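Me: Could you go through this structure with me? I would like to start with its core and then turn to some loops.
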Amino acid sequence: TVQDVEIGIKSDWEIAGIKARTNVEAFHTDYDNKQASQSYSAIINGTPVATNVIVNAGNVTIDGVDADLTFVPADGIELTAGWAYNQARYDKYVIVSTGQTVPGETYPFVPQNKLSLGARYRLPLAADFGDAFLSGTLAYQSHQYIGTFPTDPAYTTIGGSFTTIDLGLDWNNILGRPVDASLFVTNLTDAVYRIGGFPVYGTAGFAAFFYGEPQMYGARIKYRW
């Protein structure tokens, strides 16, 4: 069960011919009986068996702020910025297999800060050539916990902060035809960062982690019938 309270403002404004849009909100969220995955061991027909189960692990409080800005300083140029701040915690966390209650346990997959900066430029092509855009996005995320279960290193490890850069070139309505094409590169700097873990330490004796996508580049083409 979730109770969520939000307050915010969405506003379009203009100063000296420069257009902008601002969206800001603050929120408070209470989770009651938040579901989570936990390792669970049992004896079945005399054999130890380990598995993961979805359980009502406890109560969670999340407070935060979201803000984003779109800024158009000149024709063909669009700048964007976004910021999210979150403070999340388990008020009560129950290890169902033992009945143990752990107060103040960290809440996973919620970084305290996320920041993004973007730019998009429309190339000055003649109308019958189509529309072409250059774009770039820089995204930063502070560290986050990638798990909760207190006895598993994969669940208590902190995934470090990281920054990624994506670039793109899009050409739509090529030469007046219903054809779009694009070139792209994601994670330009080939940043290495953890995005999750799998709780196998209790049975396999080692911790397992998932990582974000490496640097990728490619092309896309689309024909509209």
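This is a predicted model: local features need pLDDT of at least 70, side-chain atom pairs count only at pLDDT 80 or more; totals for chains, interfaces and linings use all residues.

Me: How many residues does the largest nonpolar core have?
Reply: The largest nonpolar core has twelve residues, including Phe27, Val55, Ile62, Tyr90 and Tyr107. Such a core is a set of buried Ala, Val, Leu, Ile, Met, Phe, Trp, Tyr and Cys residues joined through side-chain atoms within 4.5 Å. Buried means under 20% relative accessible area, exposed over 50%, and partly exposed in between (1.4 Å probe, protein chains only).

Me: Which elements give two or more residues to this core?
Reply: They are strand E2 (18-44), strand E3 (47-74) and strand E4 (77-95). Strands (E, at least two residues) are DSSP runs, numbered from the N terminus.

Me: Changing topic, what is the phi of asparagine 173?
Reply: Asparagine 173 has a positive phi of about 55 degrees, although it is not a glycine. Most residues other than glycine have a negative phi. Asparagine 173 lies in the loop between E10 and strand E11 (179-186).

Me: And where is asparagine 187?
Reply: Asparagine 187 is in the loop between E11 and strand E12 (194-198), and its phi is also positive, at about 50 degrees.

Me: Is asparagine 187 buried or exposed?
Reply: Asparagine 187 counts as buried because its relative accessible area is 4%. Asparagine 173, at 28%, is partly exposed.

Notes. Residues are numbered from 1 along each chain as its sequence is written. Side-chain values use heavy atoms; hydrogens and water are left out. Helices (H or I, at least four residues) and strands (E, at least two) are DSSP runs, numbered from the N terminus.
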